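Please read it beside the sequence and the structure shown here.

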Amino acid sequence: METTNDTIKQAPLLEARNLTKVYEDGVKALDNLNIKVMPGEIFAMLGGNGAGKTTTINIFLDFIQPTSGNAFINGIDSNLEPLEAKKNVAFVSENVQLYPNFTAMQNIDFFVRLGGKSNYKRSDYENALIRVGLQSEAFDKKLRDFSKGMRQKCGIAIAILKNAPAILLDEPTSGLDPKAGKEFTKLIGELRDEGKAILMSTHDIFRAKEVSDHVGILNNGELVAQRTHAELKGVNLEQLYVEYMAGYMDEQESSGVLVNDLN
Amino acid sequence: MFKLIFIKELKEILQSSRFTISFAVCSLLIILSFFMGAQNYLSGQAQYEAAKQENYNQIAANTEWMSVNHSIMLPPQPLMALVTGISNDIGRDIEVRGRGELSAQNTRFNDEPIFAIFRFMDLEFIFGVILSLFAIIFAYDAINGEKVNGTLKLCFSNSVSRASFIGGKLAGSFVGLSVALIIPLLIGCALLSVLGVNLSGDEWLRLGLILVSGLAYFGLFLALTIGISAMTNKPSISFLIGLVVWIFAVLITPRASVLISGRMVEVPNVDEITSEKNRYRFQLFADDRPKMADFSAPEGTEPQQVMQEFSKFMNELSEERAKKTEIFEEKVNEQYINKRRQQERLALSLSRISPTSVLSLATTELAGTSLDLQNRYMDSAQDYQQVYNDFMTEKTGTGGMTGFRMIISTDDDSGEEPETIDASELPEFQFQTATFTSASKESILDLGLLILFNLVFFGGAFFAFLKYDLR
């Protein structure tokens, strides 16, 4: 899967450089993680619970500080200049809740303005919601009446409207039905084609394989395997993933053969 | 960003069903407290006028000033009905005599003892108990609720500073909820006028400050609860902590401070004081007995003249005893009052740890129903006693006496009914009501403390959020 515009691939929009995080209780959540996501690329992070996927996203969003290393968004260190860095990124969480007493429109209006976009009209919001597949009858309904899939669509609409060059997705398809999952996959493909750099944490191996340009497998904070979309053709990713998670594969083999050095 | 979050907070509050229910209940209670206060004031005023008239009629039925039994009454005030303080607990009627100690009888609870059990639902109760609870109900999940919902993460995935977020949230919550409370408060104020309770400009100003104090109190509980929410991860935990804080602030601290001060400063009870005074009076009387027994009129004096001489002699003894008693009682009273005030000061100082006590003190001071009401009433009564004594001395040759009284009357053969006295000549009792200036001066410490609590809790919530784990 190639990007539509190779000329915009100059510098990574999202970059984790030697990122290490050790929590106060001594748990090492990230161990020297290196990731680069170029414009027009989707990088899927696979891994079990506690593998370090969400920690990575939390460091990018300055919710936690790394023990060492840096996280850059569009070249800006997100821990040194978080407010500046976050202007360049949109975020969709695993379980988009939004404000239950607000309508979809009110939620979108608030979060889009919070994202620094105050020049949109209602029609722009409507277009974004239609694009993510939300029915027009739902626009002015309160979020408390929405299903998880509908809320997730609102979250994606917010990310689209923020129009940031980079997008962080934390297990975005978790809990979605297959139809909604498929629609979502199509949508992030479109966003990638628009030149967005997307870093996605997921448990959904098949969708990761389907849509991603790079797939990385994290285990105990370490990036133990990384494959491009082309490299994954004909590979049973599920088996590969399970083997890594279970620690069946010889460590030397995996580090020597399967992990690409990002630097 | 601050403005955006501020407006979001306002909208979120106004659109929530929690607000709709709470606002309806609060509005109802506030308006009801104004209505009941107005009704209490009007009925109290009618009772007061009737009692005054009855007292006047009784006096006017007398033919001699010497036979007059005169009582004064605590006049009802509109603010007393809105913030009752101790006004229902102190005696309202005082029988005035020219000399001797005055004592106030008949509290409001004598007439309506049911209120002694359940107390009145006045503004102090509404603010102190109800609105502080509503503040907790509104704010217990202000921060950790957003964390659980995931909206906090979504907000901070944008270029938003923590300071503007918490600032907007605190200001939005306070303004949104305060404005919602101001509406029923204003309706309540209008209701006073509609029901015919006319407040003077001075009273309006004091009522205004009472309402501001109430809102400040509400604000500090709101900030305190938001602060607790910003120090915990689960709404259930912050609600529980808020409730425990509320119990200590509203129920335990004020009562505990009184108990502790009672232990630390011992004050003799009123019965002991009365007994000591009585013993002294009996002693004086016993000392005078031999003098009374030794009284003899010169031989050949007419019986009527003997009686007059005896009456004069007894009066002189009585005056002397009264003077001695007065000096003794003043001394005992002073010691008692000093001890009592020392105990009260300690209790009040300790209780000021609790914002609820501070609110009670501020509002009662502003309404003129604080502990000082009793002192002001007794001071006014004592001033009046002096005026009354001078008046009675002028009318009868002696002040309004206490104790032994001898009335000598002669048969009048004219057959005409003796003329009744003109009761309107009696000097009018003037109660020194609190003024805006005096009430403000008295309440300045507590108003200052309310502001301080607000600064501490708003600041605390602000800084707690700056360190909050957003994940």
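In chain B, 86% of the contacts with a separation of 6 or more join residues 24 or more positions apart; two residues are in contact if their C-beta atoms, placed from the backbone, lie within 7 Å. The model is predicted, so local features need pLDDT of at least 70 and side-chain atom pairs count only at pLDDT 80 or more, while totals for chains, interfaces and linings use all residues. Residues are numbered from 1 along each chain as its sequence is written, and chains are lettered from A and ligands numbered from 1 in the order in which they are written.

**Chain B overall**

- Chain B contains 16 helices and three strands; helices (H or I, at least four residues) and strands (E, at least two) are DSSP runs, numbered from the N terminus.
- The radius of gyration of chain B is 30 Å, whereas a compact globule of 471 residues would have one near 23 Å. This radius is taken over C-alpha atoms, and the globule rule is 2.2 Å times the number of residues to the power 0.38.
- Along the principal axes, the C-alpha atoms of chain B fill a box of roughly 115 × 50 × 35 Å.
- Buried residues make up 36% of the 471 in chain B. A residue is buried if 20 or more other C-beta atoms lie within 10 Å of its own, exposed if 12 or fewer, and partly exposed in between, with C-beta atoms placed from the backbone.

**Chain A overall**

- Chain A has nine helices and ten strands.
- Of its 263 residues, 49% count as buried in chain A.
- Residues 24 or more positions apart supply 72% of the chain A contacts that have a separation of 6 or more.

**Where the chains meet**

- The contact between the chains involves 23 residues of chain A and 19 residues of chain B.
- On the side of chain A that touches chain B, strand 6 (89-92) and helix 3 (104-114) of chain A each supply at least two residues. Helix 3 of chain A gives the largest share, four residues.
- By class, that side of chain A has 13 nonpolar, seven polar and three charged residues. Ala, Val, Leu, Ile, Met, Phe, Trp, Tyr, Cys and Pro count as nonpolar, Asp, Glu, Lys and Arg as charged, and the others, Gly among them, as polar.

**Helices 6 and 11 of chain B**

- The axes of helix 6 (residues 123-139) and helix 11 (residues 235-264) of chain B come within 10 Å and cross at roughly 165 degrees. Axes are lines fitted to C-alpha atoms, for helices over the stretch in contact, and angles run from 0 to 180 degrees between N-to-C directions.
- Helix 6 and helix 11 of chain B are therefore roughly antiparallel to each other. Angles under 35 degrees count as roughly parallel, over 145 as roughly antiparallel, 65 to 115 as roughly perpendicular and the rest as oblique.
- Residues making this contact include B:Gly128 and B:Leu133 of helix 6 of chain B, and B:Trp246 and B:Val250 of helix 11 of chain B.
- The contact of helix 6 with helix 11 of chain B has six nonpolar, three polar and no charged residues.

**Helices 12 and 13 of chain B**

- Helix 12 (residues 270-293) and helix 13 (residues 303-351) of chain B have axes that come within 10 Å and cross at roughly 160 degrees. These two helices of chain B are therefore also roughly antiparallel to each other.
- Among the residues in this contact are B:Glu276 and B:Arg281 of helix 12 of chain B, with B:Arg321 and B:Glu329 of helix 13 of chain B.
- The contact of helix 12 with helix 13 of chain B comprises eight nonpolar, one polar and eight charged residues.

- B:Leu259 lies in helix 11 of chain B and is exposed, with 11 other C-beta atoms within 10 Å. B:Leu259 and B:Ala347 are 88 residues apart in sequence and 8.0 Å apart in space, C-alpha to C-alpha.
- B:Glu203, in helix 10 (residues 201-229) of chain B, counts as buried because 23 C-beta neighbours lie inside 10 Å. B:Glu203 touches B:Pro78 and B:Leu79, not counting residues up to four places away in sequence.
- B:Ile72 belongs to strand 1 (residues 70-73) of chain B and is buried, with 25 other C-beta atoms within 10 Å. Leaving aside neighbours within four places in sequence, B:Ile72 is in contact with B:Ile94, B:Val96, B:Ala381, B:Tyr384 and B:Phe429.
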